[in-house]
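Hi everyone, thanks for having me. I'd like to walk you through one protein today, so please keep the picture in view while I talk.

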Amino acid sequence: MHQWFLSYNGQQMGPLDHAAAIAQAAKNPNGHCWRQGFAEWIPIAACAELRAESAPGTMPAPLPPPAALAGTRADIIDYRIYGEDMQFVEIELDPGESAVAEAGSMMYKDAVVNMETVFGDGAQSGGAGGGFMDKLVGAGKRLITGESLFTTVFSHAGGAGKAKVAFAAPYPGTIVPMTLSNYGGTIIAQKDSFLCAARGVQIGIFFQKKVMTALFGGEGFIMQKLTGDGLVFVHAGGTIMERDLQPGERIDVDTGCVVAMTSTVNFDVKPVGGVKSMLFGGEGVFLATLTGPGKVWIQSLPFSRMAGRMMAAAYQKGGSRDEGSVLGGLGGILSGDRGF
């Protein structure tokens, strides 16, 4: 299980095991908590994992960042993340609030939450402006990054009260909440990492400026650029690691393990080493180099790596279902396989 850290008035506690963290949170919920997988400290009262004893239906809003208090374009939404390996995020909407998600990612919703499929990222949905050409450009950006032309906007259409909508991760991993205003208003992410966001967050494109980085950086010429000042939820494979890089500090990463970074981080590639390392090291020909200042998010299990292992373990053309069995064909008979 995770190790937890709690903070009260600048005084930090931890590491605590899960049971101890729940007990401390019940004793004093007026603080903030963090564990590996969280992009930032969040209010204890808004953390579902530390509120297992709480009555259902109570979900205090996390404190908005200073930029949001000064006037925000994005809706300020409340949320909880459930699960360990196969996570989903439950978003709570006030009347008039909306969330934007990838088509097909919804898990469930309350009846008062309306769905509307729109071109592009839905940033102008329900707001002023945003004509057909703006929506067409937004849809084109999504098509270039390999995403669907459409996103789905989920809006609380009821007159009062709160409503919930949940979005599930597409494969095992970690859902990371990011408040964009805490990172200069921009996050650069891998093409398929976006899961959902508050309405008002814009999903654009980021072009690699260096040809070598574009060709061998693991993400091609184009990555996603998430801009705005609201909450966005990014999905990463396996366990997520966060790293704050100081100016000039560099970290070398497998090209497929880069999930996201702030716009101040320099992303480049370098050869892994000599010819022997390239051919037999198992790490490919190039490594991604991330140079600070800024923050980076790294995943332990890229989907491409997981898919490659699954394909390698699948039945190959001309192979046998008994490959790998000590008993061979006899093992299939004994196990009840009558497909012969």
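Let's begin with Pro 293, which you'll find in the loop between β22 and β23, the latter covering residues 294-299. Keep in mind as we go that this is a predicted model. The peptide bond leading from Gly 292 into Pro 293 is cis, and its omega is near 15°. Why point that out? Because most peptide bonds are trans.

There is another cis bond to show you, from Gly 14 to Pro 15, with omega near 5°. Pro 15 sits within a strand, β2, which spans residues 11-16.

Now back to β22. Which strands share an open sheet with β22? They are β19 and β21: the order is β19-β22-β21, and the pairing is antiparallel. At the edges stand β19 (250-254) and β21 (266-271); each has a single partner strand, so one side of each has no neighbour in the sheet. From one strand to the next, the twist averages 35°.

Let's look at one of those pairings. β22, residues 286-291, is joined to β21 by six bridges.

Finally, let's zoom out. The protein has seven helices and 23 strands. Its chain has 340 residues, and 47% of them count as buried. Among contacts with a separation of 6 or more, 71% are between residues 24 or more positions apart.

Terms used. Residues numbered from 1 in each chain as written. Predicted model: local features only at pLDDT ≥ 70, side-chain atom pairs only at ≥ 80, totals over all residues. Heavy atoms only, no water. Pairing = 2+ DSSP bridges. Helix = DSSP H or I, 4+ residues; strand = E, 2+ residues; numbered from the N terminus. Axes fitted to C-alpha atoms, helices over the stretch in contact; angles between N-to-C directions. Buried < 20%, exposed > 50% of the residue type's maximum accessible area, 1.4 Å probe, protein only. Contact = heavy atoms within 4.5 Å.
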